[in-house]
Each structure stands twice: as C-alpha cells, then as structure tokens.
Amino acid sequence: MSQRREGTKPELVFENLWKKNDPVWHGKVQQLWKKNFPAMPEQILSERIHQVVFAVTNAAGEVVAVSTAYRTYIEQLKHFLYGFRCFVDPSYRVPGLTTKILVSTRDWLEQIHTDDGAEHERCIGVITMVENEQLMKHRTEAVWRGSGMVYIGNTPKGKHLRVYYFRKALI
C-alpha cells in the first residue's frame, strides 16, 4: 500500500489517446471541458476531442488534465509545427504537473512526427501560446529548463509564444 503525504494529490495516470477514437475516453475528456468551460461551443469540443494527446486521470478514473496538439503552419517560421494546449482542473494544479504534461506530449509528438504526414508537411516541433498571466509574469527565462521551450516573441495581444524544435528537425 502506497502512502501519501497529507495535502498532496494522489497518483495521477497518463493515458495516451493520440488518434484513438474511443467514445468512453472522449466522454471523460468532454466532462472535464464542460465542467470548466461551460460556454465552449459544441463545434470546438468536437474538433478538440480528436486532438487529445494525453488525458491525466485521478484514482477514481476521472480526467483531471488533458493535452491537445494540432498541426499548424506558422508563416513566420515557414514550417508546420504542432500547436500545443494543456488544461489542468484547478483542484489538481500542483507544481510541475503542467511541465510533466508538456514534456510527455512533446516527447510523444517527437517520436511520431516523421510518420505523421507527407515529408514536406512534417511538423518540426511544438509551439504554444502562453495565456496564463502568472506564467508570463514569473516564468521569464528565455528557455524553460524543464521543457526546453524557447521564447520567440509575443502575439499581438501580448501572449508569449514558445517553441521546441525536434532533434534532427531541418529548416
């Protein structure tokens, strides 16, 4: 029997759902989104459910965090990258969890990127827009040590943009 310190979260389990069309998992992920984003339009829910990379579950099997990725052409970089999103239920936000989700997602996408699309359309890395005000204020390192994400500028609305290039990526 494992022991847990008071005030810490129980062990979380990462489930890889990339390109798995599983209605049970889709329902669990949608529950998380509907609980936290009740105004999210059905069309966006339907699109994003097919972009899920990892679902993170608690001991009861409930999805408490999720990462998504989608192929996107970045005009400024003249290449395709995977757009990365992550959401963690507020009651499960613990230090390091977002980084662990990001690194797990990044590593999975790096592992499969050479088989995902035609050679001239292959993603060469991961890009993310940082929307969390606290992260933008307090995580100002040019390169995030835990994930290797590099700051490359801001959006017109002032959100930070960060990129990680896959090893062996060619520009």
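Residues are numbered from 1 along each chain as its sequence is written, and side-chain values use heavy atoms, with hydrogens and water left out. Because the model is predicted, local features need pLDDT of at least 70 and side-chain atom pairs count only at pLDDT 80 or more, while totals for chains, interfaces and linings use all residues.

A nonpolar core is a set of buried Ala, Val, Leu, Ile, Met, Phe, Trp, Tyr and Cys residues joined through side-chain atoms within 4.5 Å; buried means under 20% relative accessible area, exposed over 50%, and partly exposed in between (1.4 Å probe, protein chains only). The largest such core has 17 residues, and Trp 18, Ala 69, Tyr 82, Leu 109, Val 126, Met 149 and Phe 166 have the most contacts inside it. At least two residues of this core come from each of strand 2 (52-57), strand 4 (79-88), helix 3 (97-112) and strand 5 (123-130); helices (H or I, at least four residues) and strands (E, at least two) are DSSP runs, numbered from the N terminus. A second, separate core of 13 residues includes Trp 25, Val 29, Ala 55 and Phe 87.

Ser 147 sits in the loop between helix 4 and strand 6 and is buried, at 3% relative accessibility. Its side chain reaches the backbone nitrogen of Met 149 at 3.3 Å, a polar contact being a pair of N or O atoms within 3.5 Å; within protein, one must be able to donate a hydrogen and the other to accept it, and residues adjacent in sequence count only if both atoms are side-chain atoms. Not counting residues up to four places away in sequence, Ser 147 touches Thr 99, Leu 102, Val 103, Arg 106 and Tyr 164 (contact means heavy atoms within 4.5 Å).

Six salt bridges are found in the whole structure, each a side-chain nitrogen of Lys or Arg within 4 Å of a carboxyl oxygen of Asp or Glu. One of them joins Asp 89 and Lys 35 at 2.9 Å, N to O. Asp 89 lies in the loop between strand 4 and helix 3 and Lys 35 in helix 1 (residues 23-36), so this pair ties together parts 54 residues apart in sequence. Asp 89 is buried at 4% relative accessibility, whereas Lys 35 is exposed at 58%. Lys 34 also pairs with Glu 42 (3.8 Å, N to O).
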